[in-house]
Amino acid sequence: MGADRARSSVGVKRLRRAVCAAICAALLVSGCASGSATVTGTLEGSDGACVDVLVPHGDATDRYWLRHLPSGYEADEHGLHGPNGSLIRMGDSVTVSGALSWQPFDHLCAGEHTLDVTAIN
């Protein structure tokens with residue numbers, strides 16, 4: 001009985017890894033093919049220098065660093081200020097679109113995903 005449970009546990013782990021690899025590959029290919037992305041997540045880390053959005057992804061969270069904000073948007077320790085006077089506070093949900101860049105733009109704001117933002121909703 002113990003051997004069956006151990007084999008089942010190994011099988012589940014392998015299946016999880018295979019599913020995760022398939023999802024990651026699909027996201028990578030779709031992101032590279034279009035060169036752009038639209039993500040929805042939680043605004044975090046806005047201090048005027050580094051602005052990032054945490055995007056849930058299965059059991060994990062991806063961090064998208066935002067740079068080159070659209071005209072009229074400014075970031076500070078409170079969040080993102082829009083051109084119409086709106087404020088997206090830290091911890092608020094935000095949807096951003098833009099061009100993907102796989103090169104970090106600042107060692108303080110380095111991460112896997114960098115998004116040159118063209119639109120914020």
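Predicted model: local features only at pLDDT ≥ 70, side-chain atom pairs only at ≥ 80, totals over all residues.
Q: In which sense do strand 1 and strand 7 pair, and over how many bridges?
A: Let's start with strand 1, residues 36-44, and strand 7, residues 93-101. One place to look is Ser36, whose bridge partner in strand 7 is Ala99. The two strands pair in the antiparallel sense, over seven bridges.

Q: Which residue in strand 8 is the bridge partner of Ser101?
A: Strand 7 also pairs with strand 8, residues 113-120. That pairing is antiparallel and has six bridges. In strand 8, the partner of Ser101 is Thr114.

Q: Which residue in strand 3 is the bridge partner of Val55?
A: Strand 2 covers 51-57 and strand 3 covers 60-67. They run antiparallel and are joined by seven bridges. Within this pairing, the strand 3 partner of Val55 is Asp62.

Q: Which residues of the largest nonpolar core touch the most other members?
A: This core has 16 residues. Strands 1, 2, 3, 7 and 8 each supply at least two residues of the core. In general, nonpolar side chains in soluble globular proteins tend to be buried together. Those touching the most other members are Leu43, Leu66, Val94, Val96, Leu115 and Ile120.

Q: Which residues does Val94 touch, not counting those up to four places away in sequence?
A: Val94 is one of the core residues with the most contacts to other members. Leaving out residues up to four places away in sequence, Val94 touches Val39, Thr40, Gly41, Leu43, Val53, Ile88, Ile120 and Asn121.

Terms used
Residues numbered from 1 in each chain as written. Heavy atoms only, no water. Pairing = 2+ DSSP bridges. Helix = DSSP H or I, 4+ residues; strand = E, 2+ residues; numbered from the N terminus. Core = buried A, V, L, I, M, F, W, Y, C linked by side-chain atoms within 4.5 Å. Buried < 20%, exposed > 50% of the residue type's maximum accessible area, 1.4 Å probe, protein only. Contact = heavy atoms within 4.5 Å.
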